[in-house]
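User: I am new to this structure and would like a close look at how its chains meet. Please keep the account plain.

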There are 4 protein chains.
Amino acid sequence: MSLQPIDPSRDFTTTIDTLGTCTVNSPVRYKNFVSDDDRVLYDLNMERVRKRLEQNRAISFEYAGPRERIYFDPANLRAAIVTCGGLCPGLNDVIRSIVHELWYMYGLRRIRGIRFGYAGLNPDVGLPMLDLNPDMVREIHYDGGTMLGSSRGPQPVDVMVDTLEREEIRLLFAVGGDGTLRGLKAIYEEIERRGLKTAVIGIPKTIDNDIAFVSRTFGFETAVGEAVESLRCAHVEARGAPRGVGIVKLMGRHSGFIATHAALAQGDANFVLIPEVPFDLEGPQGFLAALEARMALRGHALVVVAEGAGQKLFEDLGEDKSGNRKLGDIGLLLKKRVVAHFKAIGKPAAVKYIDPSYIIRSVPANPNDCIFCKFLGQHAVHAGMAGKTGMVISSWNNLHVHVPIEMATMHRKQIQPDGILWLSVLESTGQPQYLVNAT
Amino acid sequence: MSLQPIDPSRDFTTTIDTLGTCTVNSPVRYKNFVSDDDRVLYDLNMERVRKRLEQNRAISFEYAGPRERIYFDPANLRAAIVTCGGLCPGLNDVIRSIVHELWYMYGLRRIRGIRFGYAGLNPDVGLPMLDLNPDMVREIHYDGGTMLGSSRGPQPVDVMVDTLEREEIRLLFAVGGDGTLRGLKAIYEEIERRGLKTAVIGIPKTIDNDIAFVSRTFGFETAVGEAVESLRCAHVEARGAPRGVGIVKLMGRHSGFIATHAALAQGDANFVLIPEVPFDLEGPQGFLAALEARMALRGHALVVVAEGAGQKLFEDLGEDKSGNRKLGDIGLLLKKRVVAHFKAIGKPAAVKYIDPSYIIRSVPANPNDCIFCKFLGQHAVHAGMAGKTGMVISSWNNLHVHVPIEMATMHRKQIQPDGILWLSVLESTGQPQYLVNAT
Amino acid sequence: MSLQPIDPSRDFTTTIDTLGTCTVNSPVRYKNFVSDDDRVLYDLNMERVRKRLEQNRAISFEYAGPRERIYFDPANLRAAIVTCGGLCPGLNDVIRSIVHELWYMYGLRRIRGIRFGYAGLNPDVGLPMLDLNPDMVREIHYDGGTMLGSSRGPQPVDVMVDTLEREEIRLLFAVGGDGTLRGLKAIYEEIERRGLKTAVIGIPKTIDNDIAFVSRTFGFETAVGEAVESLRCAHVEARGAPRGVGIVKLMGRHSGFIATHAALAQGDANFVLIPEVPFDLEGPQGFLAALEARMALRGHALVVVAEGAGQKLFEDLGEDKSGNRKLGDIGLLLKKRVVAHFKAIGKPAAVKYIDPSYIIRSVPANPNDCIFCKFLGQHAVHAGMAGKTGMVISSWNNLHVHVPIEMATMHRKQIQPDGILWLSVLESTGQPQYLVNAT
Amino acid sequence: MSLQPIDPSRDFTTTIDTLGTCTVNSPVRYKNFVSDDDRVLYDLNMERVRKRLEQNRAISFEYAGPRERIYFDPANLRAAIVTCGGLCPGLNDVIRSIVHELWYMYGLRRIRGIRFGYAGLNPDVGLPMLDLNPDMVREIHYDGGTMLGSSRGPQPVDVMVDTLEREEIRLLFAVGGDGTLRGLKAIYEEIERRGLKTAVIGIPKTIDNDIAFVSRTFGFETAVGEAVESLRCAHVEARGAPRGVGIVKLMGRHSGFIATHAALAQGDANFVLIPEVPFDLEGPQGFLAALEARMALRGHALVVVAEGAGQKLFEDLGEDKSGNRKLGDIGLLLKKRVVAHFKAIGKPAAVKYIDPSYIIRSVPANPNDCIFCKFLGQHAVHAGMAGKTGMVISSWNNLHVHVPIEMATMHRKQIQPDGILWLSVLESTGQPQYLVNAT
């Protein structure tokens, strides 16, 4: 990941200035408001920072947090929340936190819940909005999923902005992944084009944890925790049969973070296959040969594979309607090829294949994610009330910061094959560093 | 299930009498030994029992429990344990209980663990036995699976009995399902034919809970607990998408006990499809029409299907090598047909399909199953040490009893479509009592 | 437990006959209604039953289940539910099941929820009732506790019956333990005295599992599961310190069922102390000497004690306002005495004391208890609608039956010190069979 | 927390230089070794960093990670691990990670496990060391606690260093809290005084998460997760009784991190009392008045209190043998005073008090902590093999760094009463910002 020097302040607060006159009758008296002049360094390496600062090229982000002066008058404002894309643990916690913060801290009384993603902003689909208040969200964090419902895919931008205008929604919180944030960027640009005083704040959601300039996304830790259970079961199955091979397919279209973290946490995986690290199946350095060696040594094996791994083994399958490349099913392919390989060499293996799929993403958030979601919601509200727009709430270097949508959608975060995380996986699994045949 | 009057005592203690002279130096002093004359009634209905008793046709079972006199001399006996078939929560608990009971209560010091099912009794496969003791089984109950490994399929009976003779194993505990018990019956008959003084005790294992004359099998409750998690996730998914349908496939080749219990416990299922209750897909009274009605009413639905349900929808797929009829994949079929149906009527559904498979059976036993396994192991040892053979340990009317293998393998236990359990499912789901078109 | 021959039918259906004319428009068509003539045997021992039948002294219970003819007309009936005493896992499941069954199966539309136990039947306390319907109970089973609230202690019987009359409640479901059932018996007798056509049905609730003629009470298995976690922690603590002793105090005023089951399930306890088995602290055969021996052998120990154990070690502390004898805190006493003992012999022990208390009873029911509660609620409604009164729903020999309140409150169920359960604990712990000094 | 400018490099690599000649035959080929010249900034605020850099006063830490050249020759080195103080989730994971990293990556074959803390370094106590290898630690991470055992309190420094010399241990890993690190500092200084070539590396362990310059300690997240369960139970209890008050005492002698995080994650607490924020009990602005107001409003309340809170309410109790001030039991005091207060005003409350104590710290680490422990162990080994000494492995700004023991033991990390964390608690609970009477 080679970063181009970006001036992240460029996108901020250009269309919407802080109003500067509105005071909030909040029950909590903040002493230490956050100033827009305070910024968080992107990099932590002292020497690199020194050089960048000397050249005035240091990348930095705005701190998240409450501002002394806010832009919107809570008495007149209507805000709305929308959740988009696949489910992810913590969606309800984020909704609850936003509603609580708007209601209790800023005194807002008009909060709309948009149903089933961006579809709820398209009147043709016919999904009436909900009116949200603390009572309605009191216990939603006990459940997985999202009380608002969600959906995939885009809707016409002008239609959505028309809806925001008609409904007098001047502050929109959108929780979603890469596609959602691109959609939000389009909404933001359309708002700007029309000269509206409407702010849009994104809260990045990706169970794959692969959004740029966002070191941690909510629900990821919970998902890893669930994935660990599947690995444990596959390990038990592999040891329970003669020549047992457990194969677990986990989420991760572009990045192997869930597979990697689950394997590190569980501790019994012998192979982890991820999109970032190519591998051959056949050949003396290929995966099957390595698996054969492992089986000769111990008689059982546990293989973890991210869904986006090994895609070069498939034909081009075209794109789905969201414009994402369709993935070949690497889990089923591995299962088939492993069975065939060991049959061919006269040592049949008992292959147990687990695809936990939705089980991993539909659970309630774990306590650590609960807290994280709470802060995300609070900071999103602070940012929105202060008149920020076109940005997402990010966690960076363990601090909450504002990141322009443009940056967050620039590229995907991936695992570095020569970085400490992947090396740790190699150490933990004992798998060969390269599963590719010399050419 | 129409029971023929059987005299269950017929099969007991015919080849092997209790020695009557051996006393055990057990640290626990039993006061209340169980006598073979005491028997447990099969039926509980007072009037039926009255009639049967008058006709001397009442079915009854031997009580399980410690006998005052035992057959084998612990100083000279070698026992062995084998676990067969698919994994099931509690296997390690049963192994641990048997080892503890043999070692601590009867003072046995020679206990063999046979590896990977009946394969471990076939020298050609080459799986050396383990020597078991309390240290080796100290913490195995913390893990799922079986420390001995398991495998499916039969082995030649004479070879297995040869191995028992050669290894001087005179007391064999076999933990397994229908196939395993049939295999054990063959071993028992071969032993009888050869006139050997070797006892075989079965401990019924079936995650489907479908063994005759056994009201509860170990691991079933744990499996239901895991299945509930999948249903919860599918429910969250179904509600999280516009027109969401969650489909969960659960174990149950011949009987829908897991599907039924999981649906009752979780409480959100709208349809439960099991092998015992036939259904049509198409037609005005068929499943798809009923699902359509449900979707029109509430906009989302949760469907639970046992793997053996709806097999009339498939071609005959022949048998696998264990002689079981191959099942069509009803889960995938339902998924495909539901998607197609709602697409065809112009109201596409978001179908989320979950097949938790191995996740359900590889976990450690829950506390209630732990206790149950402990008792099964203890009673198996009591029976074996007393010289019982050709029988299994069963739980009947909440008591532990001895059931002849012949009875346990006579037929499969199934859900009665007009019984209280299934009626309760109908009440809980609200699904139509019949999903079959009038002819 | 020596049973007097009782005619359990005596208390049944004497004041209230089945109406015999009301038909229910239930969506589920029952084929196999239960007849009052069918009865379940109390005993299962064939020879004892034979003798009793010959003498016409066999004890039996009515089967629970739907009756073909019901007493109350659902169109005119108002029912009510009350939960009393300490919390227990599954209370919400029972409430939900009763509401569902009344509403969906019998078509009742007037269901009252009485708040905070019998206090809610006393207008002086001023707790307005709730109107219950399926929407209100939709997700209550996800939570522990009781949505109605609960309280301890009696209220004046005439006041309570006045309230039932004024509120036109003619069918009352009371969920509670020994005290609650005694209170219900008083209400039942007052109703009978006044000649009212009001039915009262009890659902036994006791986390201690100590109600007579009830083999299993709801929530008990869940509580054992939680207790197991405490034992696991105490075991870890005991092994983690030099000369570590873990002591866990569990519920069980009169009976050691939770302590016993938790110890059997967890498997690491070295001593289990329960109310049914007396023990000395000091002396050569006392507990401290036995603990010292264990510590000398292995260097750590795990002790489980039921709160009602060892009460002879305390002064008489009088009674609380419910009339129960106040218990001395055996957990703290043990902790103190163990510390003092090992200090006195110059080998100080690191004693870690855990009193999980409310944590064990406030959790949601586990899946098996969920199902059990569902059936209890359904059977309670079947019984009530059929005009049964003065009885409780019991599980006996794995079947649901009707037991007269009089029987259920006759005495407490306890562990037999010479029975298979306690012997199994002795085997599992290895503790001496007697911890009492010879006299 | 006002930081003095410290030169953290001062303590590093002064006694022990990197050998510079030893190469390791590790199966994983590192490309990107970490250089000692690369340093991580302590602060992230751009303007503050700019000023500090200009003044050459920027605080920074060494990066953790593998060094290209190592100091010790794995063929000749003997390393040892010791775990001290109270249990904490993840101890076994850290041990396992250290053993794996030493064995597999650096090829070390002589690894000693010191039993029961520093006591194991005192021959007078007589605790023989264990020889550790991968087989011995294979499954220890499934369990809570520490396989080595632990103990509190110091041992004579010269005796411990004598032991290290006699046993030829030249690399010591000590896992422990404040007291342990002070002890390690003493060992380090004695080693320096004697001119030995022995390195000592600390891994900070504190379930309270209160070590300076360490933003996260292992096990803390797991502990919070367990604490959340207690809060949930207390909330259920509070709502289940008329005028119910749940009080939960959690760990936190000097800092309220566990109480704070648990309350934020669980979401139902109405009051959180921590050592950093003083409060009065009585008086118009005191806690009891605020609780009374809450009870008047909603009828139930949940109070979370850290064990070190409100100590001004107690007499000085002196110090324990580790030199820590003895704490008054604030949980029991609150319970007593709350009961008395509501009784006095004629509105008795049902107070349910939960002290989960050991239950919170004896569980296995959750997946996120597992990964964290893995990295801590790996980085400790990298540091030790590179010849670092007198330092601890810290997580700072989400990166692993080296921190001199001197810094880590300088003061305790605490919650800032005007910081974002505490303000978030105030928002979440709705409790008054100040519970102190004006003077």
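Analyst: Of the interface residues of chain B, 98% are interface residues in chain C as well, so the copies meet through the same surface. This is a predicted model, and the description below should be read with that in mind.

Another pair of chains to look at is D and A. Here 48 residues of chain D are in contact with 49 residues of chain A. On the chain D side, the elements that each supply at least two residues are β1 (39-41), α1 (46-54), α2 (91-105), α5 (220-240), α6 (257-266), α9 (367-385) and α11 (420-429). The most comes from α9(D), which gives seven residues to this side. By class, the side of chain D that touches chain A holds 23 nonpolar, 16 polar and nine charged residues.

Contacts also occur inside a chain, between domains. Chain A is assigned domain 1 (8-217 + 365-408) and domain 2 (220-361 + 417-429). The centres of these two domains of chain A, taken over C-alpha atoms, are separated by 35 Å. Between them, 18 residues of domain 1 of chain A are in contact with 15 residues of domain 2 of chain A. The domain 1 side of this contact in chain A divides into five nonpolar, eight polar and five charged residues.

Terms used:
Residues are numbered from 1 along each chain as its sequence is written. Chains are lettered from A and ligands numbered from 1 in the order in which they are written. This is a predicted model: local features need pLDDT of at least 70, side-chain atom pairs count only at pLDDT 80 or more; totals for chains, interfaces and linings use all residues. Two residues are in contact if their C-beta atoms, placed from the backbone, lie within 7 Å. Helices (H or I, at least four residues) and strands (E, at least two) are DSSP runs, numbered from the N terminus. Ala, Val, Leu, Ile, Met, Phe, Trp, Tyr, Cys and Pro count as nonpolar, Asp, Glu, Lys and Arg as charged, and the others, Gly among them, as polar. Domain bounds come from an automatic or database domain assignment.
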